[in-house]
Amino acid sequence: MRISIPSLPQTQHLLPTVTDVQEAAEQLHKLLDHNRRVLCITGAGVSVGSGISSYRGPNGLYVNKGYRPIYYHEFMHQGAVGDGKRRRYWARSYLGYPSLRMAQPNATHRILAVLQHTNYLDQLLTQNVDRLHHVATECVGGNISSIHELHGMYASK
């Protein structure tokens, strides 16, 4: 059996690296103005500015060298192994909840919300469970149905 894996289309040119905020805004406007079906994918880095720590450092490795995620099959395991994994999961959640509860959307959340509200951003897919994209979008009167959570939401209204 042969499997065909699609590739991304080759672009004519890459946009230059920009460090000036005004120039970056202009480049972003040009990019979004010509592409009406834009999907934005976000992760933990977006919420770091709101005081929520990231599991990974700048090079993509876990900040805590001993950190290991709890996998679904471990969490659902019946018996002592599963009990231990569930206790560890809920203890981590309990310790991390105050920072999630107190967090407010930062500039990135607000900018993405405005881009959604003005129809420059069609859909937003996030790995974050903190609902900060939702809060920012509701503040500008946007439609939260265009926000999709890959890992669910930690808290709800």
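So, what is the order of the strands in the open sheet, and is the pairing parallel or antiparallel? Before I get to that, keep in mind that this is a predicted model.

Okay, the sheet. There are 3 strands, the order is β1-β2-β3, and the pairing is parallel. The edges are taken by β1, residues 39–42, and β3, residues 147–149; each has a single partner strand, so one side of each is left without a neighbour in the sheet. Going from one strand to the next, the twist averages 20°.

Let's look at one of those pairings. β1 and β2, which is residues 123–126, run parallel and are joined by 4 bridges.

Now the helices. α6, residues 132–139, lies across β1, β2 and β3, and it runs at about 165° to β3. Then there's α1, residues 21–33. That's 13 residues reaching 18 Å from the first C-alpha to the last, close to the 18 Å you'd expect at 1.5 Å a residue. At its N-terminal end α1 is capped by Asp20, with a side-chain oxygen 3.4 Å from the backbone nitrogen of Gln22.

The largest pocket has a volume of about 1,300 Å³. Its lining counts 30 residues, and the ones nearest the centre are Ser53, Tyr55, Tyr67, Gln127 and Val129. As for elements, α2 (44–48) and α4 (80–102) are the ones giving two or more residues to that lining. The largest share comes from α4, with 7 residues.

That's it from me.

Notes. Residues are numbered from 1 along each chain as its sequence is written. This is a predicted model: local features need pLDDT of at least 70, side-chain atom pairs count only at pLDDT 80 or more; totals for chains, interfaces and linings use all residues. Side-chain values use heavy atoms; hydrogens and water are left out. Two strands pair if DSSP finds at least two bridges between them. Axes are lines fitted to C-alpha atoms, for helices over the stretch in contact, and angles run from 0 to 180 degrees between N-to-C directions. Contact means heavy atoms within 4.5 Å. The expected span of a helix is 1.5 Å times one less than its number of residues. A polar contact is a pair of N or O atoms within 3.5 Å; within protein, one must be able to donate a hydrogen and the other to accept it, and residues adjacent in sequence count only if both atoms are side-chain atoms. On a 1 Å grid over the protein atoms alone, a cavity is a set of points where a 1.4 Å probe fits but cannot get out, and a pocket is an open set with protein on both sides within 12 Å along at least five of seven lines; lining residues have an atom within 4 Å of a point. Grid points are joined across faces, edges and corners, and a volume is the space filled by probe spheres set on the points.
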